[in-house]
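Please look over the protein chain shown below.

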Amino acid sequence: MISNYNIAYGFHESASRYPTHEALVAGAERFTYRDLETAVQRLSAALAPNLTSGRVGILATRSSQACIGILATAWAGGTYVPISLKLPAGRMLELFDILDLDALIVDPAGQKLLTPDLEARAPAAIFAPGDAPGEFKRLRETGTASNPAVASAPAQIDSDHTAYIEFTSGTTGRPKGVMVSTSAVSAYLDAMHGWYDFGATDRAAETCDITFDLSVHNMLTTWKAGAALFIMRPLDMLAPARFINNHNITTWLSVPSVVAMARKAGGLSRGSMPSLRISLFCGEPLPVDAANAWQQAAPNSIVDNIYGPTEVTIACLRQTWTSNGRETESRGIVAIGHPYPSVKARIVDADLQPVQDGVSGEIALAGAQLADGYFRQPELTAERFPSIDGERWYLTGDRGFMDADGVFHHLGRLDNQIKLHGHRIELEEIDAGLREAANTDLAVAVAWPLNNGIAEGLVGFCSGSNRDALEISNRLRAILPPHMVPARIDQIDDMPLNANGKIDRNALTRRLEAEQLNLEVAS
Amino acid sequence: MISPHIDTVRETIAGMLVARGQEAHFGEDESLFDSGRLDSIAAVDVLMTLESQFGIDLSDPDFDISRIDTLQEIDRLLMAHAS
């Protein structure tokens, strides 16, 4: 692990070693390492004079501009902040205000979202796609054009430098920004490159939006190895086998729900992905039958499960599946395995004391991959990253146990956080939005339907609202991104409350179960 | 638009847009999925409709899933299937 690791170093070294190798393919746009480095250096030179806070917003995804923007920000010594294209305009304005960005980089989709309102509150320096692939032009250019000096290597950074800030759902009704240091990323990359022989002939798929930190794995392991990264469009995700075969993809990391989706769309037949050699899944529980289906479709690949919250940098425990796979039998999912070399994991009770093997408790994590905390939320940071026996730990909120062989197993959540199609969602954030949209205090969201305990959708309940379900839904869309808006909103007269007078989410889930049972009986 | 079935597909997609709180109208060459107007669950539903109502074989190696992003593309797909 290098403590002063600029996350663009791996890319820079590969560009020196393999200038003519392909580095990035996004639709019809193809970049060699030399092309990509030139584009990164130019954008970095234009960005650098603007850096004060160091934070650069990336309003882009699944595009060459997103990749160049991230590398150029790192190259210039900045911190990149992905901003979801799916955020309602009001949320985006809030983020601009909180983040105090020095610059904003947009791709064509991001540029389309820049209404006069948003542009007025965005940073002065906005870089949008130029005329040729890899080129950017500054919007609202003022003064005379200058030719800023191009730095031939990534900037020197301090050992505590923040590489990126990923926003994730927050229980207070507002997302929280996880600040991840470059040294934490370096520790992650060391672990992965130690286990997997990512090489210059590999061809990797970018399966994720840049607001998911799995994208950090896909970009940085690929470019560190001198390999090529192929960006998938959302529709490509439904038929991964087709994309994998078209581009001879060799390495893969995605959320497990991609497997379920592909099976549903009929595109994951036996032996259909022979080019794959490394397949990794992360971000949600990996069902054993999904791991097996993928393994049969990719007979030449190893299939492994990696686990970890954004707060501990992409992933920090690993369970191999192809060789010596371990199952968490009570849930029919692949176990989460052992911690990464620089990570410590333990199960703690409510008093943060370690419990005995086999006893369930909260999964706690420590070590070099821990994030620095939540952006401008010191109290929440202190709560979730407590000091135990003089060491800083992160409390995941995940319930789990360690078996007699030291293998960790995931049992679910201690709180109301869910994973829905790969998105991490705090149900309280939806509750807050629902209360506002329905203009009532009695409003709550539950995960439904559930398939083997895994959420497949959302249902909202409200009581005492003077608005109808359609109006509530429309108002909610202005508050929350689409994946957090319940598909169905029920108005009920009798909101169930628990002994503490709080809304009883479990009672609502039982109500939905009973309704489903009645439907099954009736049919 | 030439496929006799395209109006059915148009209605299905309009229904999905309305269910997601959007306007029912969309252009024939407008991106539906890559643009983020509709999510992957809607895409699966469109695929299921193509399979169950029009007999498109989703497992056919020649079937290109990325070619359903606009109504025009779906029309071409239905025409190719009919011929």
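The sections below describe these topics in a model that is predicted.

Side chains of opposite charge can pair when their charged atoms come close. Over all chains, a search of the whole structure finds 29 salt bridges, and three of them are described here in terms of the segments that they connect.

In one of these pairs, the side chains of A:Glu94 and A:Arg174 form a salt bridge with an N to O distance of 3.0 Å. Because A:Glu94 belongs to helix α4 (residues 89–99) of chain A, while A:Arg174 sits in the loop between β8 (162–168) and β9 (176–181) of chain A, the pair ties together parts that are 80 residues apart in sequence. A:Glu94 is partly exposed, at 28% relative accessibility, and A:Arg174 is likewise partly exposed, with a relative accessible area of 38%.

A further salt bridge joins the side chains of A:Lys176 and A:Glu426, at 3.5 Å from N to O. Here A:Lys176 is located in strand β9 of chain A and A:Glu426 in strand β26 (residues 423–426) of chain A, so that parts 250 residues apart in sequence are tied together by the pair. Both partners are buried: A:Lys176 has a relative accessible area of 8%, and A:Glu426 has a relative accessibility of 3%.

A:Asp403 is buried, with a relative accessible area of 11%, whereas A:Arg326 is partly exposed, with a relative accessible area of 26%.

Through salt bridges that share partners, A:Arg91, A:Glu94, A:Arg174 and A:Glu429 are joined into one network.

## The surroundings of A:His409

A:His409 is placed in strand β24 of chain A, and at 4% relative accessibility this histidine counts as buried. The side chain of A:His409 makes a polar contact of 2.8 Å with the side chain of A:Thr328, and another polar contact, also of 2.8 Å, joins the side chains of A:His409 and A:Asp403.

When neighbours within four places in sequence are left aside, the residues in contact with A:His409 include A:Glu327, A:Ala335, A:Ile336 and A:Ile363. A:Arg399, A:Gly400 and A:Phe401 are also among the residues in contact with A:His409.

## Enclosed space

Rolling a probe the size of a water molecule over the atoms shows where empty space is left. A search of the whole structure finds three cavities of 30 Å³ or more, and the largest cavity holds about 80 Å³ of space.

The lining of the largest cavity is made up of 14 residues, and A:Phe198, A:Ala204, A:Thr221, A:Thr222 and A:Thr251 are those nearest its centre. At least two lining residues are supplied by each of α8 (214–225), β12 (251–254) and β13 (278–281) of chain A, with α8(A) giving the largest share, five residues. By class, this lining contains eight nonpolar, five polar and one charged residues.

Notes
Residues numbered from 1 in each chain as written. Chains lettered and ligands numbered in written order. Predicted model: local features only at pLDDT ≥ 70, side-chain atom pairs only at ≥ 80, totals over all residues. Heavy atoms only, no water. Salt bridge = Lys/Arg side-chain N within 4 Å of Asp/Glu carboxyl O. Helix = DSSP H or I, 4+ residues; strand = E, 2+ residues; numbered from the N terminus. Buried < 20%, exposed > 50% of the residue type's maximum accessible area, 1.4 Å probe, protein only. 1 Å grid on protein atoms, 1.4 Å probe; cavity = no way out; pocket = protein on both sides within 12 Å on 5 of 7 lines; lining within 4 Å. Points joined across faces, edges and corners; volume = space filled by probe spheres on them. Nonpolar A, V, L, I, M, F, W, Y, C, P; charged D, E, K, R; others polar. Polar contact = N/O pair within 3.5 Å; in protein donor to acceptor, adjacent residues only side chain to side chain. Contact = heavy atoms within 4.5 Å.
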